[in-house]
Amino acid sequence: MSKGMKTLWLAAALALTLPSLTAMADPGMMGGPMSGHHGMHGCTDRMAKTLGLTDAQQKQVDALHEQTRQDIRPLWKQKRENMRKMWALNPDDKNYVSEVKELAEKQGDLTEKMIVARAQSRAKFYAILTDAQKTKLKQMHEERKHMRHHHGDMHGDMHGGDY
């Protein structure tokens, strides 16, 4: 494939990716576990029922969701701003590649922070659960993994997994 064709494909891929990155920049816009008030309660209500969470556990999970959302939202906003800066760069500029590299490194750092924040939240969630609830959750994960394997995974692991 020619260099021009590779550039065209890369530009098309970035153009298709930008709207989803923008949507993810506000977790409340997503239907996933870190979504706003209504989505969060729907998810935790289902989880409470499925795992048999006590009222005390439910309150802890709700507080954890809110704290995680507050921790991650500024990182999403920074990532969105970096993408806007990247799109504003002129490929004809002699410093284009170095500027993209700098923004990519910032994006990587922000992504790392988000992954660590999510892992910390997941560990806190597991600490709330009893051993029986952890076993049930593991079964649910295996069933979901099996379903994705047999039916294809249209959403990736975008929804986080545990809650």
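The side chain of Gln-133 has a polar atom 3.3 Å from the backbone oxygen of Leu-51, and this side chain also reaches the backbone oxygen of Gly-52, at 3.2 Å. A polar contact here is a pair of N or O atoms within 3.5 Å; within protein, one must be able to donate a hydrogen and the other to accept it, and residues adjacent in sequence count only if both atoms are side-chain atoms. The model is predicted: local features need pLDDT of at least 70, side-chain atom pairs count only at pLDDT 80 or more, and totals for chains, interfaces and linings use all residues. Residues are numbered from 1 along each chain as its sequence is written, and side-chain values use heavy atoms, with hydrogens and water left out.

Gln-133 belongs to helix α5, residues 131-151. Its relative accessible area is 5%, so Gln-133 is buried; buried means under 20% relative accessible area, exposed over 50%, and partly exposed in between, with a 1.4 Å probe and protein chains only. Beyond its neighbours within four places in sequence, Gln-133 is in contact with Leu-51, Gly-52, Leu-53, Gln-57 and Ile-128, where contact means heavy atoms within 4.5 Å.

The protein chain has five helices and zero strands, in the order α-α-α-α-α from the N terminus. Helices (H or I, at least four residues) and strands (E, at least two) are DSSP runs, numbered from the N terminus. Of the 163 residues in the protein chain, 29% are buried. Among its contacts between residues at least 6 apart in sequence, 67% join residues at least 24 apart. The protein chain exposes about 10900 Å², with carbon and sulfur atoms supplying 59% of it; accessible areas come from the Shrake-Rupley method with a 1.4 Å probe, and for residues only the protein chains shown count as cover.

Leu-53 counts as buried because its relative accessible area is 12%. Not counting residues up to four places away in sequence, Leu-53 touches Met-47, Ala-48, Gln-58, Val-61, Leu-129 and Gln-133. Leu-53 and Ile-128 stand 75 residues apart in sequence, and their C-alpha atoms are 9.3 Å apart in space.

Leu-53 and Ile-128 also belong to the largest nonpolar core, whose ten residues are Met-47, Ala-48, Leu-51, Leu-53, Val-61, Leu-64, Phe-125, Ile-128, Leu-129 and Leu-137. Two or more residues of this core come from each of α2 (37-51), α3 (55-88) and α4 (96-128). The largest share, three residues, is that of α2. A nonpolar core is a set of buried Ala, Val, Leu, Ile, Met, Phe, Trp, Tyr and Cys residues joined through side-chain atoms within 4.5 Å. Leu-129 touches Leu-51, Leu-53, Gln-57, Lys-134 and Leu-137, again leaving out residues up to four places away in sequence. Another core, of six residues, lies apart from this one and includes Ile-72, Leu-75, Leu-110 and Met-114.

Phe-125, a member of the largest core, is buried, with a relative accessible area of 0%. The ring of Phe-125 is 6.2 Å from that of Tyr-126, centre to centre, and their planes are at 80 degrees, so the pair is edge-to-face. Rings of Phe, Tyr and Trp (its six-membered ring) pair if their centres lie within 6.5 Å; planes under 30 degrees apart count as stacked, over 60 as edge-to-face and the rest as tilted. By this rule there is one aromatic pair. Tyr-126 is partly exposed, at 24% relative accessibility.

Charged side chains come next. A salt bridge is a side-chain nitrogen of Lys or Arg within 4 Å of a carboxyl oxygen of Asp or Glu, and the count by this rule is two. Glu-66 and Arg-69 form one of them, at 2.5 Å from N to O. Both lie in helix α3, three residues apart, about one turn of the helix. Glu-66 is partly exposed at 25% relative accessibility, whereas Arg-69 is buried at 17%. Lys-106 and Glu-102 also form a salt bridge, their closest N and O atoms being 3.7 Å apart. These two lie in helix α4, four residues apart, about one turn of the helix. Lys-106 is partly exposed at 37% relative accessibility, and Glu-102 is partly exposed at 45%.

Helix α4 also holds Arg-118, which is buried, with a relative accessible area of 17%. The C-alpha atoms of Arg-118 and Thr-68 are 7.3 Å apart, although the two residues are 50 apart along the chain.
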